[in-house]
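Here is a short briefing on the model shown below. Keep the structure open while reading the points.

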Amino acid sequence: MAGGKGIPYIASETCKGCGLCVFVCPESVLCIDDTVVNSRGYHPAAVADPERCIACISCALMCPDTAITVERFSRSKGG
Ligand code: SF4
Ligand code: SF4
């Protein structure tokens with residue numbers, strides 16, 4: 001019951017803070033962290049609510065800089 005189905009990893013130094021991943025995520029997992037500035041001068045995306053991730057990989061597909069990798073958690077069969 002507890003926990004999401006996966007977790008997105010964001011390469012915050014690659015991210016340009018465009019917000020597309022935040023927009024596309026159906027579960028509002030992601031946010032732009034305006035308390036952080038990366039070495040390129042952007043506020044990078046961050047994981048705000050990891051428990052909600054359904055591992056749909058929409059964020060990874062949408063990111064123009066391929067800054068997101070989604071790890072899908074494996075579950076034992078029969079559930
Ligand atoms: S994999 Fe899907 S649910 Fe998880 S953060 Fe990305 S868009 Fe959101
Ligand atoms: S879509 Fe990619 S570049 Fe844009 S904010 Fe999300 S992680 Fe950063």
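Ile-7 is in contact with Pro-50, Cys-53 and Glu-71, leaving aside neighbours within four places in sequence; two residues are in contact if their C-beta atoms, placed from the backbone, lie within 7 Å. This is a predicted model, in which local features need pLDDT of at least 70, side-chain atom pairs count only at pLDDT 80 or more, and totals for chains, interfaces and linings use all residues. Residues are numbered from 1 along each chain as its sequence is written, while chains are lettered from A and ligands numbered from 1 in the order in which they are written.

**Ile-7 in its strand**

- Ile-7 sits in strand E1. Helices (H or I, at least four residues) and strands (E, at least two) are DSSP runs, numbered from the N terminus.
- Ile-7 counts as partly exposed because it has 17 C-beta neighbours inside 10 Å. The cut-offs are 20 or more other C-beta atoms within 10 Å for buried, 12 or fewer for exposed, and in between for partly exposed, with C-beta atoms placed from the backbone.
- From Ile-7 to Cys-31 the C-alpha distance is 14 Å, across 24 residues in sequence.

**Overall fold**

- The protein has two helices and four strands. Their order from the N terminus is β-α-β-β-α-β.
- The C-alpha trace spans about 45 × 20 × 20 Å along its principal axes.
- Of the 79 residues in the protein, 19% are buried.
- Among contacts with a separation of 6 or more, 66% join residues 24 or more positions apart.

**Nonpolar core**

- The largest nonpolar core has 12 residues. Such a core is a set of buried Ala, Val, Leu, Ile, Met, Phe, Trp, Tyr and Cys residues joined through C-beta atoms within 7 Å.
- Its members include Ile-10, Val-29, Leu-30, Ala-45, Ala-67 and Ile-68. Cysteines belong to it as well, among them Cys-15, Cys-21 and Cys-59.
- Ile-68 is in contact with Pro-8, Tyr-9, Ile-10, Cys-21, Cys-59, Ala-60 and Cys-63, leaving aside neighbours within four places in sequence.

**Cys-59**

- Cys-59 lies in helix H2. Cys-59 is buried because 26 C-beta neighbours fall inside 10 Å.
- Beyond four places in sequence, the contacts of Cys-59 are Pro-8, Cys-21, Val-24, Cys-25, Leu-30, Ile-68 and Val-70.
- Cys-59 and Val-22 are 37 residues apart along the chain, yet their C-alpha atoms are separated by 7.5 Å.

**Ligand shells**

- Ligand 1 has 15 residues around it, and Cys-25, Val-29, Cys-53, Cys-56 and Cys-59 come nearest. Strand E1 (6–10) and helix H2 (58–62) are the elements that give two or more residues to this shell. A residue is near a molecule or strand if its C-beta atom, placed from the backbone, lies within 6 Å of it.
- By class, the ligand 1 shell has 12 nonpolar, two polar and one charged residues. Ala, Val, Leu, Ile, Met, Phe, Trp, Tyr, Cys and Pro count as nonpolar, Asp, Glu, Lys and Arg as charged, and the others, Gly among them, as polar.
- Ligand 2 is surrounded by 15 residues, the closest being Cys-15, Cys-18, Cys-21, Ala-45 and Cys-63. Its shell divides into 11 nonpolar, two polar and two charged residues.

**Loop between E3 and H2**

- Most residues other than glycine have a negative phi.
- Ala-55, in the loop between strand E3 (45–47) and H2, has a positive phi near 60 degrees. Ala-55 is partly exposed because it has 16 C-beta neighbours inside 10 Å.
- Ile-57 is also in the loop between E3 and H2. Its phi is positive too, near 60 degrees. With 15 C-beta neighbours inside 10 Å, Ile-57 counts as partly exposed.

**Two other loop residues**

- Pro-44 is in the loop between strand E2 (30–32) and E3. Pro-44 is buried, with 20 C-beta neighbours inside 10 Å. Leaving aside neighbours within four places, its contacts are Ile-10, Ser-12, Cys-15, Gly-17, Asp-33, Val-36 and Asn-38.
- Glu-27 is in the loop between helix H1 (20–24) and E2. Glu-27 is partly exposed, with 16 other C-beta atoms within 10 Å. Not counting residues up to four places away, Glu-27 touches Arg-52, Cys-53 and Ile-54.
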